[in-house]
Amino acid sequence: MDWGMQNRLARLIKPNGRTMFLPIDHGYFQGPTRKLEKPGQTIEPLIQYADGLFVTRGVLRSCIDPANSPPVILRVSGGSSVIGKDLAHETLTTSIQEAVRLNVAAVGMSIFIGSEYEFDSLQNLGKLVDECENNGIPVMAVTAVGKELAKRDARYLSLSCRIAAEFGAKVVKTYWCEDFDRVTNGCPVPIVMAGGPKCETEKEVFEFVHDGIQKGAIGVNLGRNVWQAEHPAPTMKALRAIIHDDASVNDAQEIFNEEKNK
Ligand code: 5RP
């Protein structure tokens, strides 16, 4: 692997091999999602705990201080909205020249395995990987399911993650699921977990993140379960302990309780 590619990956994945990404890209198809109406304000108390920020160029330029930003994973796919015909119908929306200009550590795009637009999204991934390899930029593939949340089982996610890796993604973002080791075992590149819609309690989040890390994920790309939580910063600190210090679920809960009572 060339120096530039290695350097960018090292900016995102810490020396212990783990990472905690903070995604705030949801507006690209959901608009002003709850608690992300003003992304700059939402992440102001959280940015210090993020190892990477997953964001579109629009929010990056308008809401993030270039002098105080974690490494950026630039969201470069889109083209459909929650009220449109099909969330899976995406194209590449942002050029590699922009990624270079914005000095990003990686770019990210969604693939939609099993959807009507499976072929298009995989063609986009292949093109993006070609261009990014030429520029030393890692690609994070997002195994997206659109509105079909029930798809998120080990059989489907292991298929999607493996295909993403085969196409050249350097990191794959997928959902946690039961039997998560089936997903990690079949994927030759690092996996980070997304959260999906907000869980009922913070403990549920600690439990699935802990399970996923034990089963081989290198970290998370967790959005709504962090910034829609009642106590986002304590949630992030507790999750960091699971990811970076191998804390147990109980340890994480203790950290959370202490932090929220400060
Ligand atoms: C949205 C995304 C998000 O980055 C990803 O889903 C993580 O966010 P959450 O934990 O809220 O699901 O790719 O398209």
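Start with helices H9 and H11, which cross in a right-handed manner (right-handed: the near helix is turned clockwise from the far one by less than a right angle; left-handed: anticlockwise). This is a predicted model, in which local features need pLDDT of at least 70 and side-chain atom pairs count only at pLDDT 80 or more, while totals for chains, interfaces and linings use all residues. Residues are numbered from 1 along each chain as its sequence is written. Helices (H or I, at least four residues) and strands (E, at least two) are DSSP runs numbered from the N terminus.

**H9 and H11**

Select residues 202–214 for H9 and residues 232–245 for H11. The axes of these two helices come within 10 Å and cross at roughly 20° (axes are lines fitted to C-alpha atoms, for helices over the stretch in contact, and angles run from 0 to 180 degrees between N-to-C directions). H9 is therefore roughly parallel to H11 (under 35 degrees is roughly parallel, over 145 roughly antiparallel, 65 to 115 roughly perpendicular, and the rest oblique). On the H9 side, show Glu202, Phe206, Val209, His210 and Ile213; on the H11 side, show Thr235, Ala238, Leu239, Ile242 and Ile243. These residues make the contact (C-beta atoms, placed from the backbone, within 7 Å). By class, they divide into 7 nonpolar, 2 polar and 1 charged (Ala, Val, Leu, Ile, Met, Phe, Trp, Tyr, Cys and Pro count as nonpolar, Asp, Glu, Lys and Arg as charged, and the others, Gly among them, as polar).

Now select residues 249–260, which form H12. H11 and H12 pack at about 150° with their axes 8 Å apart, and are therefore roughly antiparallel. Their crossing is right-handed. From H11, residues including Ala233, Pro234, Lys237 and Ala241 meet H12 residues, among them Asp251, Ile255, Glu259 and Lys260. This contact has 9 nonpolar, 1 polar and 4 charged residues.

How does H9 lie against H12? The two pack at an angle of about 140°, with axes 9 Å apart, so they are oblique to each other. H9 passes H12 in a right-handed crossing. Show Glu202, Lys203, Phe206, Glu207 and His210 in H9, which meet Val249, Ala252, Gln253 and Phe256 in H12. The residues of this contact comprise 4 nonpolar, 2 polar and 3 charged.

**The barrel**

Next, colour the strands E1-E2-E3-E6-E7-E8-E9-E10, which form a closed barrel of 8 strands with parallel pairing (two strands pair if DSSP finds at least two bridges between them). From one strand to the next, the twist averages 25°.

Zoom in on E6 (residues 106–111) and E7 (residues 139–143), parallel strands joined by 5 bridges. Val107 stands opposite Val139 in E7. Then select residues 118–135: this is helix H6, which lies across E6 and E7 and runs at about 165° to E6.

**The ligand**

Finish at the ligand, which is surrounded by 13 residues (C-beta atom, placed from the backbone, within 6 Å of the molecule). Which are the closest? They are Pro23, Ala194, Gly195, Gly223 and Arg224. The shell around the ligand divides into 5 nonpolar, 6 polar and 2 charged residues.

Conventions: Two residues are in contact if their C-beta atoms, placed from the backbone, lie within 7 Å.
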